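Please have the sequence and the model in view while I speak.

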Amino acid sequence: ETSKEGIIAMLDSNEAVLGKVESINDWEEVFAQEFSDLVKSQGSTFFADQPISSIFYPVFDKFGEGANLVALISIVIFWHTFFEGILPSNAEGVVCVVSNECGQSFTYQINGQIPDYLG
């Protein structure tokens, strides 16, 4: 259902849309396990209860007026992995609040290379 809402919002706006915030715990078990294995294979830590989001990005046949939507790209962002290693090791106490058009938000504090999910 979440993907459907995101795709509809993208089609209505013809712009990229950040979908609803979920956790892996919300997914069917087989998809959750595959995603967990993928994240771990990349050397990242996996937390099933932390936020993930999808971005739905429209692809058009040309730029400018009269462009037709021909495809969409959907990307799943595991926010812990996104923030992991993003800052230099001496950066301390950077607070990042992520919000979307659905009225949802969550916060990470990043200390050096390590993100800490605050909720």
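I begin with a strand pair. Strand β6 (residues 105-111) and strand β7 (residues 114-117) run antiparallel and are joined over four bridges; strands are taken as pairing if DSSP finds at least two bridges between them. Within this pair, glutamine 109 faces aspartate 116 of β7. The hairpin of β6 and β7 has two residues between its strands, and glycine 112 there adopts a positive phi near 65°.

I should state the basis of these remarks. This is a predicted model, in which local features need pLDDT of at least 70 and side-chain atom pairs count only at pLDDT 80 or more, while totals for chains, interfaces and linings use all residues. Residues are numbered from 1 along each chain as its sequence is written, and side-chain values use heavy atoms, with hydrogens and water left out.

As to confidence, pLDDT is the predictor's own score for each residue, from 0 to 100. The average for the protein is 86, and 93% of the residues reach at least 70. Where pLDDT is low, the predicted coordinates should not be read in detail.

Turning to the whole chain, there are three helices and seven strands, following the order α-β-β-α-β-β-α-β-β-β along the sequence. Both kinds of element are DSSP runs numbered from the N terminus: helices are H or I with at least four residues, strands E with at least two. Along the principal axes, the C-alpha atoms fill a box of roughly 50 × 35 × 30 Å. Of the 119 residues, 29% are buried, where buried means under 20% relative accessible area, exposed over 50%, and partly exposed in between, with a 1.4 Å probe and protein chains only.

Which residues does leucine 18 touch, beyond those up to four places away in sequence? They are Ser53, Ser54, Ile55, Trp79, Val98, Ser99 and Asn100, a contact being heavy atoms within 4.5 Å. Leucine 18 lies in strand β1 (residues 17-18). Leucine 18 is classed as partly exposed because its relative accessible area is 25%.

Finally, leucine 69 belongs to strand β4 (residues 69-78). Its relative accessibility is 35%, so leucine 69 also counts as partly exposed.
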